[in-house]
Amino acid sequence: MALHVRGVLLPDDEVRDLWLVGDRVTFEPVPGAETVVHGGYVLPGLTDAHCHIGIARGGAPITSIDEARELARVDRDAGVLAIRDAGSPYPYPELDDADDLPRLARAGRHVAPPKRYLRDIGVEVGAAEVAETVAAQAWAGNGWVKLVGDWIDRGVGDLAPAWDADTMTAAVEAAHAAGVRAAVHTFSESAVEIMVRAGVDSVEHGTGLSLDLIDLMARQGTALVPTMINIRTFGGIADQARGKFPGYADHMLALRDRFPTVVRAAHEAGVPIFVGTDAGGGIDHGLAAEEMLLLHEEAGMAPVDVLAAASWRAREWLGFPGLVEGGLADLVVYPEDPRADLRVVRTPTRIVLRGHVVR
């Protein structure tokens, strides 16, 4: 049965009627449609642009497709109707078109340096194998690959790039040659500079960004997914590491403390910023609203810009059309204007996914 929705449609900011016919949106009236929304503020479904439904709580790989389903449902029930899984050790292509789950943009496994990443999560390879491995992982995802740009180097006692600059640049080139986009995990100043100059498509975390690199990202259209919830965990990481690696601990705290200023500068420079929680492992699923509030409260992004970063612009970036003629039938409804009080995003009153009412 077709569904009818009436409310203030954002970002248009006007009361509109729209109809959901199967998994498509139309503004042409459909006789006999069931009205499921009458009033409130209607947005295209939210997006978590950095999420891991292939990693269980605690950091181990999931072991079944049912675990992936359950994690994705937690996000769905919070209004997240599109997910970019930024690296999964467990393949689950059969969920790409699951009727009851968020739309999925997926990377394959992380491509990581040997013995310098989370155990059992990435494909760990030396410099000579990186480009070939990136090409293989391009086939394992559906449009993205994930590179680990840096991690602690115990010999150095601090963060250090995963491989040399030529290898990391070749990794980005290999992704593009395979027809996919490349995302890079990076905390450090040195690795993020290499990867931005190499033309990576999105920087994940990006705590080491400088003003010069921010300007370059804006000119290139390189996206930033700050995962501010994740950066808040740096204090615990520093505490655990301080006994053996005091320099690394101090570095992580310094990166954490300056990060809101970095994100603010990136936003003001015009860098595309998208909401991502880094759920999976140490971060619970279903926290997109909390990440949105951090972008507003700590990084100073206006509520409408945060909404764009979580909804219509994020969906467009991932290739999931919003509430336009012929767009996808995913929406969330809030009782009050989230531009006036962003906290309302914690409590959607209606969630419709693929033309079916979830809540």
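Residues are numbered from 1 along each chain as its sequence is written, and side-chain values use heavy atoms, without hydrogens or water. In this predicted model, local features need pLDDT of at least 70 and side-chain atom pairs count only at pLDDT 80 or more, while totals for chains, interfaces and linings use all residues.

The chain is divided into two parts. Domain 1 covers 2-43 + 320-357, and domain 2 covers 46-310. These bounds come from an automatic or database domain assignment. The C-alpha centres of domain 1 and domain 2 lie 30 Å apart.

The two domains touch. In the interface, 20 residues of domain 1 are in contact with 26 residues of domain 2; contact means heavy atoms within 4.5 Å. About 1800 Å² is buried between domain 1 and domain 2, and carbon and sulfur atoms give 70% of this area. Buried area is the accessible area (1.4 Å probe) that two parts lose on being put together, summed over both.

Charged side chains also meet across this interface. The rule finds 3 salt bridges between domain 1 and domain 2. A salt bridge is a side-chain nitrogen of Lys or Arg within 4 Å of a carboxyl oxygen of Asp or Glu. Arg-103 and Asp-330 form a salt bridge through their side chains, at 2.5 Å from N to O. On the side of domain 1 that touches domain 2, the elements giving two or more residues are strand S16 (331-334) and strand S17 (350-353). Strands (E, at least two residues) and helices (H or I, at least four) are DSSP runs, numbered from the N terminus. By class, this side of domain 1 has 14 nonpolar, no polar and 6 charged residues. Here Ala, Val, Leu, Ile, Met, Phe, Trp, Tyr, Cys and Pro count as nonpolar, Asp, Glu, Lys and Arg as charged, and the others, Gly among them, as polar.

Strands S16 and S17 also belong to an open sheet of 7 strands. Its order is S3-S2-S1-S4-S16-S17-S18, with mixed pairing. Strand S3 (24-26) and strand S18 (356-357) are the edge strands, and each pairs on one side only. Two strands pair if DSSP finds at least two bridges between them. S16 and S17 are antiparallel and pair over 3 bridges. Leu-331 has Val-352 in S17 as its bridge partner.

Some backbone features lie in loops. Most residues other than glycine have a negative phi, and most peptide bonds are trans. Leu-10 and Pro-11 are joined by a cis peptide bond, with omega about 10°. Pro-11 sits in the loop between strand S1 (3-9) and strand S2 (14-21). Asp-120 has a positive phi, near 70°. Asp-120 is in the loop between strand S8 (111-112) and strand S9 (123-124). Thr-227 has a positive phi of about 45°. The loop that holds Thr-227 runs between strand S15 (223-225) and helix H6 (228-231).

The salt-bridge count by this rule comes to 20. One of them joins the side chains of Glu-70 and Arg-73, at 2.6 Å from N to O. Glu-70 and Arg-73 are separated by about one helical turn, because they are 3 residues apart in helix H1 (residues 65-76).
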